[in-house]
Amino acid sequence: MRFLTHLSFSRWFILISSIVVISLILWNTTLFFDRLKEDERTKMEIWAEAMTSLEDIDVTSNQSNTNINLELSILTNNTTIPVIITTKDGQIESSTNIPARIEDDPEKLQELLEKIKSQNQPIIMDDLGVEKAQYLYYGNSPIITKLKYFPISLIVIILLFVGVIYFFYATSKSSEQNKLWAGMAKETAHQIGTPLSSLVGWTEILKQEHVKPEYIIEIEKDIDRLKTITDRFSKIGSKPTLIEADVVRATQDSYDYLKARSSKLIEFSSSLPRNSIYVELNEPLFGWTLENIVKNGIDAMRGKGSLHIAVEEYDKWVSIQISDSGKGITKSNFTRVFKPGYTTKKRGWGLGLSLAKRIIEEYHDGRLRIVKSELNKGTTFEIRLKKS
């Protein structure tokens, strides 16, 4: 309990700390941005004064040209901030630091002026009198433009970082769950092994007691079934051995077994090719997969309905489709049904389809998916395996 409390505290501490750090960074970035804007405003006011002073010197013929050095130095120092000067009625008189392709096109220059107007308030150059007053419009420098997008970039980087941490956490948690299920499966196989050996011994005793042979045959069938189940569980968590096998025959065997041991209210049917189709297969695990999917369909039909198994051959792969007439699955749950623990039943651990998907995709390098499903009409699962 203390561990869980400590873990919860750590998560909240990390979350709150991250929010505080992000807030401080954004706050400091905003302060820096505003200060930079103020500095550029001051710079452009000095630039406007230099421009006005230069115009005064130009119209005064008696002043020496040496007096304009300071003004020219200020004017030429601006190489990044775009400037457009207009008359009082909005006519563009001059521009600075504007690309030639825009400066030579009156329409584009007017569009740029409208854009600049939204970035900064104009500076009024009225030393020539109210009637001859000029308006200096200036845009943001490249550094301010880049700085404006810095918080967005920072947030994206942080979100990506959080996403990587979450993915690592989810993957680690999933790996731990897989190890847990694999350990439980192997332990189950080990626990079944002891009473199974006893059952084999009791079967031999029953034979010596001259019990009816048909009883012995049925008991031996169930013992063989328990051996198969034990073999399946023992293979979970380790790479099983695949051998070249006829998938049509393996499907037929599973079909016959499931049909014989299912309710008579389930109408079984099949469409299997007569020719053999060979794939790399572990038959016990493949049979377990079919069994899990069929049982899932029977549960969806609530013990009454129709179930169809079909095998179709293609150039490089083979398709095994299992269709039921159950309640169906919504499209949003097509992938969720394969996750461990997901179930709509009151009883069950929600591991059947998860194990089936792992057996087909991780062990057999195939694919298990839902190809179609309609509510209250049924669902079709498809297994795809590569041909040998």
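This is a predicted model: local features need pLDDT of at least 70, side-chain atom pairs count only at pLDDT 80 or more; totals for chains, interfaces and linings use all residues.
Colleague: Is H9 mostly covered or mostly open, and how many of its residues are buried?

Modeller: Start with the general idea. An α-helix has 3.6 residues a turn, so residues three or four places apart point the same way. Now the case here. H9 is mostly covered, with 13 of its 18 residues buried.

Colleague: What sits at the start of H9, and what follows the helix?

Modeller: At the start, a side-chain oxygen of Asn-282 comes within 3.2 Å of the backbone nitrogen of Leu-285. After H9 comes Arg-302, with a positive phi near 55 degrees.

Colleague: Which other residues have a positive phi, and where are they found?

Modeller: The background first. Most residues other than glycine have a negative phi. Asp-365 is not a glycine, yet its phi is positive, about 55 degrees. Asp-365 belongs to the loop between H10 and S10. Asn-376, also not a glycine, has a positive phi of about 65 degrees. Asn-376 lies in the loop between S10 and S11.

Colleague: Does Asn-376 count as buried or exposed?

Modeller: Exposed is over 50% relative accessible area. Asn-376 has 66% relative accessibility, so it counts as exposed.

Colleague: What is the strand order of the five-stranded sheet, and which strands stand at the edges?

Modeller: Read the order across the open sheet: S6-S8-S9-S11-S10, with mixed pairing. The edges are S6 (266–271) and S10 (367–374). Each has a single partner strand, so one side of each has no neighbour in the sheet. On average, neighbouring strands are turned by 15 degrees against each other, direction ignored.

Colleague: How do S9 and S11 pair?

Modeller: They are antiparallel, over eight bridges. Ile-320 has Ile-383 of S11 as its bridge partner.

Colleague: Which helices pack on the sheet?

Modeller: Helix H8 (residues 247–260) packs there, touching S6, S8, S9 and S11. Its direction makes about 170 degrees with that of S6. Helix H10 (residues 352–363) also packs on the sheet and touches S10 and S11. The direction of H10 makes about 130 degrees with that of S10.

Colleague: Which residues touch the most other members of the largest nonpolar core?

Modeller: That core has 35 residues. Those touching the most other members include Phe-286, Ile-320 and Ile-383. Beyond its sequence neighbours within four places, Ile-383 contacts residues including Thr-289, Leu-290, Ile-293 and Ile-360.

Terms used
Residues are numbered from 1 along each chain as its sequence is written. Side-chain values use heavy atoms; hydrogens and water are left out. Buried means under 20% relative accessible area, exposed over 50%, partly exposed in between (1.4 Å probe, protein chains only). Helices (H or I, at least four residues) and strands (E, at least two) are DSSP runs, numbered from the N terminus. A polar contact is a pair of N or O atoms within 3.5 Å; within protein, one must be able to donate a hydrogen and the other to accept it, and residues adjacent in sequence count only if both atoms are side-chain atoms. A nonpolar core is a set of buried Ala, Val, Leu, Ile, Met, Phe, Trp, Tyr and Cys residues joined through side-chain atoms within 4.5 Å. Contact means heavy atoms within 4.5 Å. Two strands pair if DSSP finds at least two bridges between them. Axes are lines fitted to C-alpha atoms, for helices over the stretch in contact, and angles run from 0 to 180 degrees between N-to-C directions.
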